[in-house]
Amino acid sequence: MILGTQYSLSEQASIYKCKRELSKFTKETRYYLDENYTDKKDRVICLVKFVEKKYLLSTLFGNLHFSSLYSFREYEDKYGDHKIGDKYEGIYPCDYQHVYKNNSKNYNHKLLSGKLNTWNPILRITKDGIGFSDKQAKKIGVISFYAIRESNFDSESLYDIRFNRKVSVNKINQIVLTMMHNFNQERKIPVVIKMLKDTVIYLKQKSKYSDLVSYVDENSPADSLIVDQIKSNPWRTAFYKRKEYSNQLEYRIVDEIDSHNSESGVTKHFDGLWKNMFIASKDTDLSKFRVAWDD
């Protein structure tokens, strides 16, 4: 459970601020992560989104921008951008020849179909794996965040000048800070979303699908469990990426968008998200960010 604090620390570290008093955060409250959602031993504590300054206020009011899966394919294919670009977006990357040889009678290059709201996608076996065509990828929008787990933090003691005592808090470890710094070369502002159970439920209700990204080896044979998952829910196809992107620690939200906006993307309003979203630091990194939670 995440505890909101209003300590004024000598190091001027930023802290989760919450209107509720600490005494109200008990084991009986609704502020625990769903145990079925994430590993209880390594909980997702928060999400981090780097936002351009001109969009900061809009984001804090709950307006989030969806970019099409197709646009990320273009970033790598057309512009050689390997940082955010990924030609495998919307594709479960795997050894497609292995899949086809063992399932040719069942799949015949048109693997499966499922209704995504008002249109029916066909997940195809391609040279890169199993996934959406370019036309379908233009209709699926995605928002990406860093998912910071409990294991990504180091504990430390800081002096609380209000109560003249030391308090135990947690800071993001240097490995993760370095990864985010390398990603955020444009020096965007980090916005943090508290990953409470309410947040998990809300994001799932307000989108077609939201979850942590799994990182896989594109040279390995297709995993039958993954194939069954995307067969039962085609939206899950967008939640598998090559292991070379594993340093993105990604949590994402996907939703249907108008294909005419595939280049510019669309902005959607999440009216219930603002209360759990805040600017973590005046700086462009999170080195001074601190958080406390209940075990």
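The chain of this predicted model contains seven helices and 19 strands, taken as DSSP runs (H or I of at least four residues for helices, E of at least two for strands) and numbered from the N terminus. Residues are numbered from 1 along the chain as its sequence is written. Local features need pLDDT of at least 70 and side-chain atom pairs count only at pLDDT 80 or more, whereas totals for chains, interfaces and linings use all residues; side-chain values use heavy atoms, without hydrogens and water.

Of the 295 residues, 49% are buried (under 20% relative accessible area, 1.4 Å probe, protein chains only). Among contacts (heavy atoms within 4.5 Å) with a separation of 6 or more, 77% join residues 24 or more positions apart.

The largest nonpolar core comprises 24 residues, a core being a set of buried Ala, Val, Leu, Ile, Met, Phe, Trp, Tyr and Cys residues joined through side-chain atoms within 4.5 Å. Two or more of its residues come from each of β3 (44–51), β4 (63–68), β9 (140–149), β12 (189–194), α6 (197–205) and β16 (250–256). L273, one of the residues with the most contacts inside this core, touches L64, I193, T199, Y202 and L203, residues up to four places away in sequence not being counted. A second, separate core of 23 residues includes L123, I125, F132 and A222.

β3, β4, β9 and β16 are also among the elements that each supply at least two residues to the lining of the largest pocket. β9 gives the most, with five residues.

Key:
Buried means under 20% relative accessible area, exposed over 50%, partly exposed in between (1.4 Å probe, protein chains only).
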